[in-house]
Amino acid sequence: MEAFRFPGLPTRVVFGRGTLAEVPREMEALGRGRAVVLATPHQREEAEALAARLGARAVGVIAEAVMHTPVAVTEAAMARVAGLDADCVVAVGGGSTTGLAKAIALRTDLDQIIVPTTYAGSEMTPILGETRDAVKTTQRSDRIRPETVIYDVDLTLGLPPGLSATSGLNAIAHAVEALYAQDRNPIVSLMAEEAIRALAGALPRILDNPGDRAARSDALYGAWLAGACLGTVGMALHHKLCHVLGGAFDLPHAETHAAVLPHAAAYNAPAAPEAMARVARALAASEAAQGLFDLAAGLGAPTALSAIGMPRDGLDRAAEMAVAQPYWNPRPPEREAIRRLLDDAFHGRRPAP
Ligand code: NAD
């Protein structure tokens, strides 16, 4: 066994069905009694229903969360929060809603209870990406890490099949990169392999029958594990590329992960053979990159960046940006090879063996 450090998993997790009912108990456990409930405009109804259920424990609803956590949206929410004398936030939704909760917590140190309804995994991380003037900046802080996460499988039953597929592939990407992270450790590697296995097994069943509770439960379990991987060890080329593409070309978050992941895996495969063997084993595939591509294609997820709004004349700039600042990757990021990777992802080519 190689030397390693395991930093622990500080967030309290409640997992099950009907667990939304446990929000009051979890607020009490934190010593909190005045919650602002957060959501996107799309999930306002769920937030208002939860606030009604919380009664006097809810002091307001802010259903303004949007993707990539624009600072202007956070500042408008902060003005509302200040007038409500809240002592915690309760977020019901995907990564966008979690992002708003984290941005408020960063500025106020209010406790966060997150109820995730996608597989993005942000709820398990101390990471926040905020956008100002079309530039997305990421930071880490213990203030950002949510105190409590309540996974309620029932809330994921309505996640549309297409979004389930791309969100699940987004989660798998966290686990794939955790397996070759510079600061990987044996516990996180076990979690990562199990996350890939759980999600790859569940997503096709969800596509067949979105109301399949057992499949939804497996996928949410995989998403928790993958989120915990993302929150514990460092990510590499794949996340860097998605960050560049999302920030500079405004590509949709989960779809970008779906299209790029097989190619990032192919790029890193020669330098991370053990990690790739574990990815392939978890996918029950003969090779990791092809297995990831086949999974995405089989789920009907986007496999080509050209299909999700990437301009062809942006590929050179994306390659430049991907190598502009140094970061750790198992295979050193080389401009020409990354340009080829992006070309493959742009056209949605199946990775070569
Ligand atoms: P999202 O939160 O934007 O959700 C997409 C849409 O689906 C929204 O309109 C949402 O209201 C709706 N939705 C969510 N759950 C639903 C459900 N169960 N049923 C019906 N509709 C539902 O998408 P996402 O992919 O979860 O999150 C993307 C954002 O999260 C990005 O801003 C990304 O940067 C961020 N993110 C951050 C981290 C981190 O660690 N900081 C990790 C992953 C993602």
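Start at T40: one of its polar side-chain atoms lies 2.6 Å from an oxygen atom of the ligand. That counts as a polar contact, meaning a pair of N or O atoms within 3.5 Å; within protein, one must be able to donate a hydrogen and the other to accept it, and residues adjacent in sequence count only if both atoms are side-chain atoms.

How many residues surround the ligand? The number is 23, and the closest are T40, S96, T117, T118 and K136.

A word on the source. This is a predicted model, where local features need pLDDT of at least 70 and side-chain atom pairs count only at pLDDT 80 or more, while totals for chains, interfaces and linings use all residues. Residues are numbered from 1 along each chain as its sequence is written, and side-chain values use heavy atoms, leaving out hydrogens and water.

Now the domains. Domain 1 covers 12-156 and domain 2 covers 161-347; these bounds come from an automatic or database domain assignment. Their contact takes 23 residues from domain 1 and 26 residues from domain 2, with contact meaning heavy atoms within 4.5 Å. Their centres, taken over C-alpha atoms, are 25 Å apart.

What is the area buried between domain 1 and domain 2? It is about 2000 Å², and carbon and sulfur atoms give 63% of that. Buried area is the accessible area (1.4 Å probe) that two parts lose on being put together, summed over both.

Next, the charged pairs. Between the domains we count 1 salt bridge, that is, a side-chain nitrogen of Lys or Arg within 4 Å of a carboxyl oxygen of Asp or Glu. R213 forms a salt bridge with D154, with the closest N and O atoms 3.6 Å apart.

The structure holds 23 salt bridges. One of them joins E130 to R107, with the closest N and O atoms 2.9 Å apart. E130 is in strand β6 (residues 127-132) and R107 is in helix α4 (residues 95-108), so the pair links distant parts of the chain, 23 residues apart. Helices (H or I, at least four residues) and strands (E, at least two) are DSSP runs, numbered from the N terminus.

Definitions and conventions: A residue is near a molecule or strand if one of its heavy atoms lies within 4 Å of it.
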